[in-house]
Amino acid sequence: MQFYSLNHKAPKVGLEEAITRGIAPDKGLYFPEEIKALPKSFFDKIEELDNNEIAFEAIKQFVEGAIPEDKLKEIIADVLSFEFPLEEIEENVAALELFHGPTMAFKDVGARFMARCLGYFAAKKETREPVTVLVATSGDTGGAVARGFLNVEGVDVVILYPTGKVSDVQEKQLTTLGANITALEVDGVFDDCQRMVKKAFLDDEITANRKLTSANSINIARWLPQLFYFLFAYKQAKKQGKELVFSVPSGNFGNICAGIVAHKLGMPVKQFVASVNSNKVVPEYLKTGVYDPKPSVATISNAMDVGDPSNFIRIQQLFDNDLKALSAKLTSYSFNDAETKEAMKDIFEKTGYIADPHGAVGYLGLKKYTAENNNESDVYGVFLETAHPVKFLPVVEEVIPQKIEIPEQIKEVIDKEKVSIKIKDYEEFKAFLTQK
Ligand SMILES: *Cc1c(COP(=O)(O)O)cnc(C)c1O
């Protein structure tokens with residue numbers, strides 16, 4: 001399969017180049033040339049397949065020609081080595097729990113898949129030119145990428161995070177691994193980290209000696225495997241015999257975009273709901289037809305604090321840039337922090353379920369959609385629980401009158417010693433990247 005740039009000013013490339021470049025030379029996002037629907041029998045018999053078989057069938061067409069089938073099967077089995085349970089919390093409402101991986105947020109699957117693909121490409125090259133993955137993080141991405149790439153040969157990872165702006169758990173997840181992972185602690189905010197990364201990609205003095213790629217959801221290999229989640233949910237919810245509605249807590253819109261790809265593959269979905277916090281450029285766009293990016297505002301669901309969602313352009317492409325067609329399948333609502341906390345409390349009081357702030361925004365979006373369409377008992381609603389509540393402990397403990405148990409994955413890192421390199425400005429960052 002070939003991938004083209006959504007800016008249409010760069011040549012088509014195969015998967016290996018799309019992954020190792022991250023972004024096309026014309027700064028466009030890569031997009032698959034074609035999305036072929038899977039046979040109807042795949043969906044009719046999906047209950048008979050295990051997760052690895054489902055994932056393999058779904059992603060095969062995109063990987064064809066770049067990674068042999070038996071290697072792809074191996075990668076998938078390795079990436080998907082944990083559960084993706086659908087937990088019904090009330091009648092016709094279920095949480096799709098995507099936090100059972102090593103860093104307890106849904107980004108583990110994409111990060112692991114990308115790491116293993118890059119590792120495969122690096123190993124087969126005779127020259128073994130090492131690749132450096134640069135990533136700026138506001139929290140969850142850094143940990144998932146660090147864990148996913150740990151000890152992958154031929155790949156170095158450099159993570160930039162804003163000092164004092166990530167949670168304790170998140171900081172430990174990205175600063176305690178060592179080996180091929182380096183954490184740079186930037187004196188600034190997330191936007192400063194992001195800016196430095198972008199500048200490095202354009203800096204010839206750096207790229208002359210280092211092959212750089214990025215590991216955020218603009219990278220095909222981090223974005224596409226997220227479509228597995230929706231198929232796993234479909235498999236589990238099919239027996240309900242109802243049309244499905246997915247509510248996806250969204251920031252850069254990579255996850256929900258992958259869900260729409262699953263729908264394009266033939267998976268029946270009644271509606272997608274993009275649930276966002278006070279960063280509401282997409283719901284405003286669907287209302288007014290004007291796409292007006294804004295600087296991000298800080299909220300308690302901080303992984304969704306995005307003012308200009310990078311993957312929205314891919315969603316537009318999936319609907320052939322037809323706003324009417326897009327609005328027919330995608331609804332979007334915004335909720336503020338007070339509403340989010342209220343929802344966390346309500347869900348706990350009504351059902352005993354502890355949602356994290358992102359999941360709670362997803363729950364709110366689902367409820368608002370079914371209330372507005374008066375179809376609560378006709379559809380089966382799935383909201384994505386994108387992170388374990390323990391990752392957002394200060395907020396969760398403020399509203400939930402119950403102690404949160406610390407899972408093994410977190411206990412493992414919390415007492416380890418943090419190792420980071422402090423960076424004041426771009427010059428220091430550049431000096432670090434050009435020193436070896
Ligand atoms: C990254 C993240 C999101 C947003 O996902 P996008 O694909 O960027 O829309 C939501 N919740 C959590 C917990 C995340 O880490």
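Reader: What lies over the face of Phe56?

Author: Happy to start there: Lys73 does, at 4.7 Å from the ring centre. The rule asks for NZ of Lys or CZ of Arg within 6 Å of the ring centre and within 35 degrees of the ring normal. Another case is Arg314, whose charged end sits over the ring of Trp223, 4.3 Å from its centre. Please keep in mind that this is a predicted model, where local features need pLDDT of at least 70 and side-chain atom pairs count only at pLDDT 80 or more, while totals for chains, interfaces and linings use all residues. Residues are numbered from 1 along each chain as its sequence is written, and side-chain values use heavy atoms, with hydrogens and water left out.

Reader: Why is Tyr363 called buried?

Author: Buried means under 20% relative accessible area, exposed over 50%, and partly exposed in between (1.4 Å probe, protein chains only). Tyr363 has 5% relative accessibility, so Tyr363 counts as buried. Phe383, at 0%, is buried by that rule too.

Reader: What makes Tyr363 and Phe383 an edge-to-face pair?

Author: Rings of Phe, Tyr and Trp (its six-membered ring) pair if their centres lie within 6.5 Å; planes under 30 degrees apart are stacked, over 60 edge-to-face, and the rest tilted. By this rule there are 20 aromatic pairs. For Tyr363 and Phe383 the centres are 5.6 Å apart and the planes make 80 degrees, hence edge-to-face. Tyr363 belongs to helix 17 (residues 357-373) and Phe383 to strand 13 (residues 379-385), so the pair ties together parts 20 residues apart in sequence. Helices (H or I, at least four residues) and strands (E, at least two) are DSSP runs, numbered from the N terminus.

Reader: Why is helix 11 described as largely enclosed?

Author: Nine of the 11 residues of helix 11 (residues 227-237) are buried, so the rest of the structure largely encloses this helix. Among the buried ones are Leu227, Phe228, Tyr229 and Phe232.
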